[in-house]
Amino acid sequence: MTKRHGYALLSALAALVVILSGVIYVTTRHDHGTPSGTVAGNGPHRGTGVAPASAGTWVGAWATAPSGVEPDTATTGTAGRSVRNVVHVSIGGTSARITLSNVYGQSPLTIAHASLAVSAGQNTAAARAETMRRLTFGGTTTVVIPAGGQVVSDAVRVNIPQDTDVLVTTYSPTSSGPVTYHKSARQTSYIAEGDRTEDATGTPFDEETPFWRYLTALDVINHETDGTVVVFGDSITDGITSTVDADRRWTDVLSQRLRAAGQSGENVPRYSVVNEGISGNQVLTGGLERAADSPSGISRFDRDVLGRPNAKVVVVELGINDILRNPRLADPYKITDGLRVLVRQAHAHGLKVVGATLMPLGGHKKWTSAREIVREQVNAEIRAGKVFDAVVDFDAALRDPYAPHKLRPEYDSGDHLHPSDLGFRKMAETFDLRLLKGAGQAEL
């Protein structure tokens, strides 16, 4: 081989490496490693507002954990109906994308039409017409999500204000059950017959629903937010006793505090907050009704925390159901060992972990003095700094000073386990925002 031919061959090889590197980057970066559905359908429509590449940061504006299978949807799913999910974003942005999940489905889910719009107000199916955007998936308007899979939409350019409701609507023309949903939304969403995906009036959406279906995330490009705080927990984080349609979960109030602190110039991180709570969730054991429903905290941590865009900190509020739902007396050290597994997973991805003490449950129907001892042992390990990078002491903040095994009456929703709206606010106000500083902690 001549020298001239050798140089030509080296140049060709170098060009090939550059091309392959670009392909790998585009393939892996788009969805942070989460599986996408197969794409089918016609080419992209004009006027979809598809966003170009941007130097801004993708962060989570809203998220929820798929909690199981919606009852009575095994055969037809939502065939022939439009599902309008109403979600409240913690921050705004200039572009948006969504994640749809068929993780509990047993057959491929066809989404023939999907849209996103800013709500015209609170507690309504009506949209601000000028914000209505048709969503595409890999450039096409129809997407098929395989059973057990999820898909991320293309980005659309749209101005979403902070602290507002967003409407995400999907239409499925064919039978595809069962439906993957989040049961305890504490937010009213809507259903309409037929394809009403881009209807801005909201008039056809005459059926109300307490669930979120298929939709598991809404991400935005925000030029003033540096990352995402993922709150990982059980029904207390899920806000199961908070007022419906009022956004009074403790994570909602935490988000409000972070926004206010950033706007006033306080030296705290500029983060969004997303809620990955599942009612009944445990650290070690999955759901009792179906093996697939409400997977253990350990098994869902990768999906629900590490899969969130630009995650910086995870706040863990989990463990009380391991005590309450164990038919025998739970081992406190197995619970704390399980929490340490979560910490190690987070550290491997550069996330800081803030852990919460387990709150009082005296007076609850499953409370016993033996279970109280287990709770106190778990809290002792947490407070001693043997589990998490930092600690927020919800137990100390909400317990009755005259009966420390119980919630203070004003913080009790009435079931002696879950907080009232005032209790959720107290949780958020107890949280020291400076704990969110410093990602990438060393393993304990």
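**Entry: α6 and α7**

I started with α6 and helix α7 (residues 369-383), which pack at an angle of about 40 degrees with their axes 9 Å apart. That angle makes α6 oblique to α7. I noted the crossing of the two as right-handed.

Next I listed who touches whom. From α6 the contact takes P332, Y333, I335, T336, L339 and R340, and from α7 it takes V374, Q377, V378, E381 and I382. Sorted by class, the contact of α6 with α7 has seven nonpolar, two polar and two charged residues.

This is a predicted model, so I checked the confidence before going on. The chain has a mean pLDDT of 89, and 85% of its residues reach 70 or more. I put a flag on residues 1-47, where pLDDT stays under 50. For that stretch the model has 42 contacts beyond four places in sequence.

**Entry: α4 and α6**

I stayed with α6 (residues 332-348) and turned to its packing with helix α4 (residues 297-306). At what angle do α4 and α6 pack? The angle is about 30 degrees, and the axes are 10 Å apart. The two helices are therefore roughly parallel to each other. The way α4 passes α6 is again a crossing I wrote down as right-handed.

On the α4 side the contact is made by G297, I298, F301, D302 and L306. On the α6 side I found G338, V341, L342, Q345 and A346. The class tally for the contact of α4 with α6 is six nonpolar, three polar and one charged.

**Entry: α3 and α9**

One more helix pair went on the page. Helix α3 (residues 250-263) and helix α9 (residues 421-430) have axes that come within 8 Å and cross at roughly 40 degrees. That makes α3 oblique to α9. Here too I recorded a right-handed crossing, with α3 passing α9.

Which residues make this contact? I read off W250, V253, L254, Q256 and R257 from α3, and F424, R425, M427, A428 and E429 from α9. The residues of this contact of α3 with α9 divide into six nonpolar, one polar and three charged.

**Entry: the six-stranded sheet**

Then I moved to the strands. An open sheet of six strands runs in the order β8-β7-β12-β4-β14-β15, with antiparallel pairing. Which strands stand at the edges? They are β8 (133-134) and β15 (207-209), each with a single partner strand, so one side of each is left without a neighbour in the sheet.

Strand β4 (residues 81-88) and strand β12 (residues 165-172) pair in the antiparallel sense over eight bridges.

Strand β13 (residues 180-182) is joined to β16 by two bridges, the two running antiparallel. Looking across, I saw Y181 opposite R213 in β16.

I also looked up strand β23 (residues 399-400) and strand β24 (residues 403-407), which run antiparallel and are joined by two bridges. They form a hairpin with two residues between them. The bridge partner of R399 in β24 is L407.

I finished with the backbone. Most residues other than glycine have a negative phi, and most peptide bonds are trans. I had two exceptions to write down.

Is the peptide bond from G177 to P178 cis or trans? It is cis, with omega near -10 degrees. P178 has its place in the loop between β12 and β13.

The other exception is N123, which has a positive phi of about 55 degrees although it is not a glycine. I located N123 in the loop between β7 (113-118) and β8.

Terms used. Residues numbered from 1 in each chain as written. Predicted model: local features only at pLDDT ≥ 70, side-chain atom pairs only at ≥ 80, totals over all residues. Heavy atoms only, no water. Axes fitted to C-alpha atoms, helices over the stretch in contact; angles between N-to-C directions. Helix = DSSP H or I, 4+ residues; strand = E, 2+ residues; numbered from the N terminus. Parallel < 35°, antiparallel > 145°, perpendicular 65-115°, else oblique. Left-handed = near helix turned anticlockwise from the far one by under 90°. Contact = heavy atoms within 4.5 Å. Nonpolar A, V, L, I, M, F, W, Y, C, P; charged D, E, K, R; others polar. pLDDT = per-residue confidence, 0-100. Pairing = 2+ DSSP bridges.
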